[in-house]
Every structure is written in C-alpha cells, then in structure tokens.
Amino acid sequence: MPVRVIIDGKEVVLEKPTTILNAARGAGIDIPSLCYDERLQPYGSCRLCMVDVKGKGLRLACLTTVQDGMEVVTETPEIAEHRRNILRMLAERHPADASGRVADLFKRYGVEPSGKESPRLIDDSHPLLYVDLNKCVGCFNCVRVCEEYVGRLIWRTMYRGEQTIVMPETGRIGTSSCISCRACVDVCPSGAILDKVMGFAKPSSWGETACSYCSLSCPLKVGFDGSGPVYVEGERDKLPFSAECLKGKYHWEDLVYVPERPEAPRLRSGASWSRASWDDAVKVAADGLRKAIAEGGPGSVGVIVSSRLPAEAYYLSQLLARAALGTNNVDAAASALPAAKELEPIGGPLPTTSVESVSGADVIVTVGQVEEYHPALASAIRRASLQGHSRLVVISSPDDKLSRSADVVVEARSLAPAVRAVEAALVESGKADVEGASTALKEARSLALSLRSLGTSRAAKEAGVEESAAREAAEAMASGRRVAVVAELDTTPGVAAESMNLAALSGALSREGSGFVPLLSYFDNYEAVELGVSPSRLPGGRGLSEAKEVEGLLGVKVPAEEGMGTAEMVEAARDGKVRALVIVGSDIASPSPMREAVLEALYRVPFVVALSPTAGVGVEYASHVHMPVASFVEEEGVYISADGRLTLARGTRVAKGALRSWEALSRLLAALGYGRAYPSARDAWEELRRLDPRLAEASYDRIASGGVRVNLRRARPRSW
C-alpha cells in the first residue's frame, strides 16, 4: 500500500516505508549529512540531518522511518542554527583548505574553518592513497565501509570521546594490508583520504569513453594532462548511475600506470624480450603468420578476441582472420557460456529493456551477485529500494551486499533450484502471469503445470531454501505491475534458463515497463559475435551461407568452411595442430579458471601475436610478439553496452609506445597484403555500418549526441 508523506510542502508517494532522509533525496530534496552512505547502515553520528516532524519534534532523518500522512520540514531557523553549531565545532580543527561535502556545508552555513595542520597526521606511505587526518570529521565512514562493505579491517578507531581518532591497522596505511579498493576514498566526505592520481589531478584536456569492466559499458569522462589520463568520472547526464562503481572510478589505473605496461612493442628472443619499433613488430608478426599458413594452411591459424573492446576492433579482428589469413577460425574468448544457449527462446542473452529503466520498476528481483560484478547497476537498484520507489527481492548467496537493502532475501546454496522454488511459489499462489508469459515463451504453460505439480514445499526443500522466503518473494513480485528481473549469470548451467522462466511468469517479459536483464560476470561477447567474431557468423549476424552479400561489399572471398571456436582452438593448440594465433585484447589466460591448461596450450603454439594494453601471464610467457594497445580510457571507437546503448570513445592521448586497437589491427592487415586502408576508426565503423543494417542510423555524430541504441537480438519475443 502506498505511503504518502509531505516534505517541505511537497507530497512524496512511496511504494513502501523508508527513512525521511531517503524519501527526501528520492524527491530531490537535499538534507545535509556527512556520515550517511547508501552502502552502509545508518549511523547518525554527524547529527546534521536533523528535521522537524510535525507532532513529534526534532528527529534524525537518517534514523526515522516515514509514516503515512507524516509532515516534515527539513530546515527551520532552529535546525539551521543546530547545524551551524555542529559545523563550527568541526571548523575549529579543520584546515582552511576544506574540500568535498564538508566544504559545501561550511559555505552553505557561513562557517569558516580555522584549524591548524599537524604534519604527523599526514600519511603519504601508500602508493595510491594520500591520508590527511587533519581533515577527518569523525564520521567513521572509512572504518565502516572497510568492515561492512569490503569485508576487511584496515581502518580502526582509537581512544574515546573527543580524543577518538581514525588510523590504519598498523599506524601507517602503506604497511597495512590495504587492497587499494579505494572504497574509503569514495565514502570520505572531507577529502581526508584521497586517491593519489585523481585527488591532485589537473586535467588540461578531456575525452570520453566507456568503462570496460563490465557489460554495462558506462559512459565516462576522462581528463588528460601531459603524461596521460589522470581523472575519470561517470557521465551522469548520459547514464545516471555511471559514477557509482569503484572498479570503473578507480581501477582504470590498473591498465595504465602499472609495470606490466610496456613502452614499446616487444619481440621475444629465446626467454627474453627486446624492444622494437611498430614497423618492425608488425613486419615480424606478418612474416610469422605467413610462415604458419605456408606450413599448415589457413586452418592452422586463428584469432581469439577478448571482451570489452570497441566495435571497430571486433570488426577488424574478424576481417584479419577472413580477409588476411583466409580462415574462419575467429571467436570471442568466452562465447560458449551456457547462458547464450539457454536464453535462445527469447533471442539470446540480451536485456529486453534498458538498464536505466530497472530502477523505475515497482518490484526488482536480483538473481546472483549483481553487486559483485555490476556495481553501478546495483547502486541504482539499492537506491530505488532505499528511497521507497521499488520493492527489492534478492535471490543469492548469504554474503550478497544487496541483501541489506532488500525487502525479501532468498538465501541460496545453489541458484537455479532457489529460483525454481520462487517460481513454484508464484504459480501456487495463482498470481503467475501465465497468459502474458505464453506470448513471450511458448513453453510457459507446460512450465506452469510442472511447477504446480512440484509445489512450493518440495521445490524449497530440494533447493535448500526457506519455504517462507520463497513465498514472501512470490508475494512481493505479485504486488507490482512493473517487474524487473536482473540476473547475474555465471557459468553454472541452469541459472539462465530458470531466471528467464521467472521473468516470464512474473510478467517481466510481457508487461509494459517491465523487463529482463541477463548479465554475464566476466565476459559479454554477444555483440562481438554479431559483428562477425565467430567461426560461423559474419558481420550483421549473417550466417556463412549469406557470404555472397559480404563478399560483394568488401571485395574479398569468405572461407566457406566453418572455423574453430575458442575452446576448439585451445584444444587444437594443445594437440600441436595450431601453428599461429593472434590474441586481441586482454590476456585470455589470466582470468580463466583453467589458466594452467590455457597456458600449456598457448605455449605449444609456435607463433603467438598478442595485442593487449598490459602483459598478463599469457602474454609474458607464451607470446612471441607483443603489441601494446590503448586501455579503454585512451581508446577510440564505439562501445556497445549489454542493452545496446552506443558510446563513442574519443581519448585525446594514448600511452607512450601504444596504439589504439583499430590502428594496430589496420597496420597488421596492411602488412598481410589486405588492400583496403583504414585511416581512422570512423572509416572502419562506416564500413561496418554498410554491412550491418542494424547500425545504419548510428553515425559517429549521432552517437556523440547521446541516446543511440541498437538491437542486436536475433529474434524478438512475440510480445514486442
């Protein structure tokens, strides 16, 4: 039942009760606070969020739950003076160069900081963190986020009362067991803990790109100075939650400022590497590939492409295989995930709605560790729940961070059976949308009959979940008209199919404003396959039987025989049947759960060419030519998100010795005798647009203006 509350004269309607602070922020009303963060439990230490509740007096907004009909005033002369007094006490010991949220509040309430800085409170011992506890405001957010959210105990509190201070576990952050996640930087409201690169950055130019850490491809603004990228922030005007991911906000440095990033192409000589010019490296790579073909034929060479690359890199990679090497042995690094096949009934593992629309649903259901692998979207989901706009159902392992913000939690030892238990409860309650599900999933009726026969009690027992939790989840899902199901799909068979079934039965596949968002943990190569990075599919999603159209447009002969996929190439390499491989993007061995087996296979290939930003174990120990390419913060080209949103990357600088991926690939194509030139990334994109009608309207200029999406789905649900 909706909850109505009046805040500063504005009626706010909520799906469920929440705190005054969250209700106000959801309505665009700012209540001052220093110690509140949505990832943490409300603490109430700063006392700045005091508000006046009619009939109840002054209350802390972060700790007070709204009630239907409640009237709240967020600022009165009395409250303003209360806040001013608190800020005055902070200002007595706070240095004049205030920053962050506390600086905004000092200015808002006319308070001047006048504290003296003590050098002994400055800690510069960590390579990535700068600590100035002169600016600490005693919110203890760093302590709490490290323990509650990250699961470590790096930051501690010492002493009591006014003498309480925050310090690292060993006294110096540089000698602590800090893992450099920068969560403490993110929650600090005063600049007492800074990221060393971005905290002191003074960009002289700006570019745009998309984050490559997950399949959401959030748009980013990148600041550059003379040495390269120094500042990254999400572009909220293009994607509201794009700035709320620790990985994208801070860990771009792991691909830029690391020892594993070479300053020039490298050639292997025995067990050691030697630097080379780009011309020499490209020539050696081309000669080695030609030699491999001469010795073993085109079927003995292949191209493996990792995820999170611009579309131009995908396109040129498949062109390298087909037009230059004469083989269909080209594939995405992890194209054989179970999810792709299990979700074929709805056209593949692509969302049926935009990720932005998820937070507008009445009920949001998450399956699996969404926060672990897609933290930006998890942040939007958490906010929708905390601010009272959506009911949240979490079906996941007990350690799932989103569980703290959920209305119903189904703790699962095994995901697929747990989801099935909720499906059974939904069907047994009589509130499953079987009619709507049948329009999108033809098996829906027989599925409903099977679940009714199974029963909730038996399904819950088989899944090892609480029956009451499964029933509560079903009841919550049935309470809203708009339902969004967001599923983090790992490599475990069955999770994708059950999540799809749950989405169908809940109405997420058939109702207006609803949707199903399947997400993949480490890879999202569906778009690469649709752009031709596949042993059996050509650009535009065409099959090999449609090669004539591609041949006519490109003037090249496409090999007729279906090639090997990634798993087959690795197996053939292990058997000594592969003479050469080109690996484009990140190292395929490092993230693989079968790293040793992949390394063994690569080591048996006589000639391996790697195009990657850094040197992982596969590059370092099994490659013969390493061509350093740009990281995602320096790239050019078009990034395609899981839900089809296009982002144009336009970096202004690239690291010394590196080239952007399209340029490195075009040079290799030219060296191998391919006659068509690509002076820019735009030229490759325009050629791809001519081959793929789905991209026909997506010019660089239109993409740059924002809001452009493409639908790469092979077959739409009939309800669309």
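Which strand does Glu208 lie in? I looked it up: Glu208 sits in strand S11, residues 205-210. For the labels, helices are DSSP runs of H or I with at least four residues, strands are runs of E with at least two, and both are numbered from the N terminus.

**Ground rules.** I'm working on a predicted model, where local features need pLDDT of at least 70, side-chain atom pairs count only at pLDDT 80 or more, and totals for chains, interfaces and linings use all residues. Residues are numbered from 1 along each chain as its sequence is written, and side-chain values use heavy atoms, with hydrogens and water left out.

**Entry 1, Glu208 again.** I listed what Glu208 touches, skipping residues up to four places away in sequence: Leu220, Glu235, Leu648, Ala649, Arg650 and Gly651. Contact here means heavy atoms within 4.5 Å. I also checked Glu208 against Ala655: they are 447 residues apart along the chain, and their C-alpha atoms are separated by 16 Å.

I counted 26 helices and 29 strands in the protein. The radius of gyration is 27 Å, close to the 27 Å from the globule rule for 720 residues, so the protein is as compact as a globular protein of that length. That radius is taken over C-alpha atoms, and the rule is 2.2 Å times the number of residues to the power 0.38. Along the principal axes, the C-alpha trace spans about 85 × 70 × 45 Å.

Among contacts between residues at least 6 apart in sequence, 67% join residues at least 24 apart.

The accessible surface comes to about 28700 Å², and carbon and sulfur atoms hold 50% of that. Areas are from the Shrake-Rupley method with a 1.4 Å probe; for residues, only the protein chains shown count as cover. Of the 720 residues, 59% count as buried. My cut-offs are relative accessible area under 20% for buried, over 50% for exposed, and partly exposed in between (1.4 Å probe, protein chains only).

On charge, I have 85 positive and 92 negative side chains, with the centres of the two sets 1 Å apart. Lys and Arg count as positive, Asp and Glu as negative, and His and the chain ends are not counted. Each charge is placed at NZ of Lys, CZ of Arg, CG of Asp or CD of Glu.

How many residues does the largest nonpolar core have? I get 71, and those with the most contacts inside it are Val303, Leu316, Leu320, Leu646 and Trp685. Helix H9 (residues 311-324) gives the most to this core, with 9 residues. A second, separate core of 56 residues includes Ala437, Ala448, Ala487 and Phe516. A core, as I use the word, is a set of buried Ala, Val, Leu, Ile, Met, Phe, Trp, Tyr and Cys residues joined through side-chain atoms within 4.5 Å.

Beyond its neighbours within four places in sequence, Leu646 is in contact with Val638, Tyr639, Ile640, Trp685, Ala698, Ile703, Val708 and Val710.

In helix H4 (residues 141-150), 7 of the 10 residues are buried, so the helix is largely enclosed by the rest of the structure. Among the buried ones are Cys142, Arg144 and Tyr149. Just after H4, Gly151 takes a positive phi of about 85 degrees.

Most residues other than glycine have a negative phi, and I went looking for exceptions. Asp8 has phi near 50 degrees. I found Asp8 in the loop between strand S1 (3-7) and strand S2 (10-14), partly exposed at 40% relative accessibility.

Ser180 has a positive phi too, about 65 degrees. Is Ser180 buried or exposed? At 14% relative accessibility, Ser180 counts as buried. Its loop runs between strand S9 (165-168) and helix H5 (183-187).

His251 touches Ser180, Cys181, Arg182, Tyr213 and Leu246, not counting residues up to four places away in sequence. I have His251 as buried, with a relative accessible area of 16%, in the loop between helix H7 (246-250) and strand S14 (266-269).

Helix H26 (residues 700-705) holds Ala704, which is partly exposed at 26% relative accessibility. Setting aside neighbours within four places in sequence, I see Ala704 in contact with Lys238, Leu648 and Arg650. The C-alpha atoms of Ala704 and Arg650 are separated by 9.5 Å.
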